[in-house]
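Which of them pair up, and where do they sit?

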Amino acid sequence: MRVTRSTRSLTADVVICGGGSSGAALAGVLARDTDAEVLLLEAGPDYGALDNGQWPADLLDARRIPTTHGWGYSGPAHRSHPEPTAFDRASVIGGCSAHNGCVALLGHRRDYDRWAELGNLGWAWDDVAPAFARATASLGVRTPPDDELTPFHAAFLHAAVSIGIPRSTDMNDPDELAGVDACPVNIVDGTRWNTALAYLDPVRDHPNLTVIGAALVDRVEIDGDHAVAVHALIAGKAVRIEASTIVLAAGAYGSPAILLRSGVGPAQELQRLGRHPVHDLPGVGGSLADHPAVGIIYRGTERLHEQMATFGARHWSPDEQTLAKARSSRCQEAFDLHIYAVAGWRRSNAYDHFGVAAAVMDPLSTGRLTLASLDPTVAPRIDHNYLSDPDGHDVAVLHDGLDMTREIMASVVADGLVEEVHPGTGVESTDAMRAFIARTVGIYYHPACTCRMGPAADTGAVVDASGRVHGIRNLHVCDASIFPTLMRANTNLPAVMLAEHLALPIVAS
């Protein structure tokens, strides 16, 4: 079917709602490998192909994380926080792949084998490894050599090795239990190689692909047990889009919100909002997960600033480069910590601070997303509910992570490169450290699991192993919201893997 346009309606074979890490990749794969007429809707702007010269410089500059295209989401990270935490997500073609630190990790094979053990056939490591290989190649993933490391990141790396963390030979080895090195990154000649550039640019001239920016999806229209159309605001005008297949790819916050506005979700919650339940699906919006993170802030000494300035005059100097995979005292398998170095935001070409953060990679605490309103322009309520697991697992792992951070950085401090300023060397007791963790815990920018994948017998599952919404024909989800559990990795590369792995099953279903 050809895509047809009018002021009120559109039709397509496949409508993809969200042009982020997964959605843009999915559209590109389908346009390239099938004859399906694909319509991609992105709430933010579409800047077109890179060669058009319309992309804002900050979205392409891989040295620092941009903040110009956020959704403005926020919510409580911990009950002790007096102010809401910013839960940044990107509203632009390419989504968070156009707005992130470009770390391209895949985790450990146990992450995906566990998905299969939870009843998701076809998702074990051996099943998804080919999709990861295709995603890695498309994104131009590479590992920076040592001569590209800034003095701060190099000091962190060498200090981590000195305390016994092995130097990794491949941070994406799915069997690695611990290691430290420069992170693999989706950076090509200094450009953040997002999924719009990697997947859409090669097919933008294909007649079976249409990309529309400024297209905010409101809801899916469901007739009986069939999804038949998408209702969206395109440049502020209400448009109905009929499609044979509808795919939600609006992310861990956006996709459950669309389902809830469509009447798909917990019946009592929908009734409270005044929305007639079309399909009672209790798992929608639940199981919200992220890797809770806490950081120690250091002040760079004059010596370090001089070294960074000298290095920066001759080399590019990104904020994020080096990362350690480590094991806490509670680790049961693989690894359960990321410890990563970040050079602080620049102002007037100088560094404000230097930080080292620890994040729990197998968190047990989960939160929930709910709607504040049926109006699609109103942000949902997001409660990550960090550190809430009853056994105290997450806070204990973070405490170990901060102890390990200080152990790593002790030699960097002794070498006269940095001084700890927050929380400060006076904060050392267990009670003081755990109070600090509660006060400062925040996101690692990896929200997931709000439409998690699982068999129909799992009452918390939202989609099956093909990404199809339980009980609704023609409706799929393909983004980080369907992860059954979090992987031990930054979620961008796994989100692209989803598109590679699910593209053909979606059009075949």
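A salt bridge, as the word is used here, is a side-chain nitrogen of Lys or Arg within 4 Å of a carboxyl oxygen of Asp or Glu. Keep in mind that this is a predicted model, where local features need pLDDT of at least 70, side-chain atom pairs count only at pLDDT 80 or more, and totals for chains, interfaces and linings use all residues. Residues are numbered from 1 along each chain as its sequence is written, and side-chain values use heavy atoms, leaving out hydrogens and water.

The structure has 26 salt bridges. Let's start with Asp 175 and Arg 109, whose side chains form one at 2.6 Å, N to O. Asp 175 lies in the loop between α5 (151-162) and β6 (179-182) and Arg 109 in helix α3 (residues 109-117), so this pair ties together parts 66 residues apart in sequence. (Helices are DSSP runs of H or I with at least four residues, strands are runs of E with at least two, and both are numbered from the N terminus.)

Next up, Arg 330 pairs with Asp 391, with 2.9 Å between the closest N and O atoms. Arg 330 sits in the loop between β16 (320-326) and β17 (337-343), while Asp 391 sits in the loop between β22 (381-383) and α10 (393-414), 61 residues apart.

How open are these side chains? Buried means under 20% relative accessible area, exposed over 50%, and partly exposed in between (1.4 Å probe, protein chains only). Arg 330 is partly exposed at 28%, and Asp 391 is exposed at 57%.

Finally, Asp 464 and Arg 468 form a salt bridge at 3.6 Å. Asp 464 is buried at 17%, whereas Arg 468 is partly exposed at 27%.
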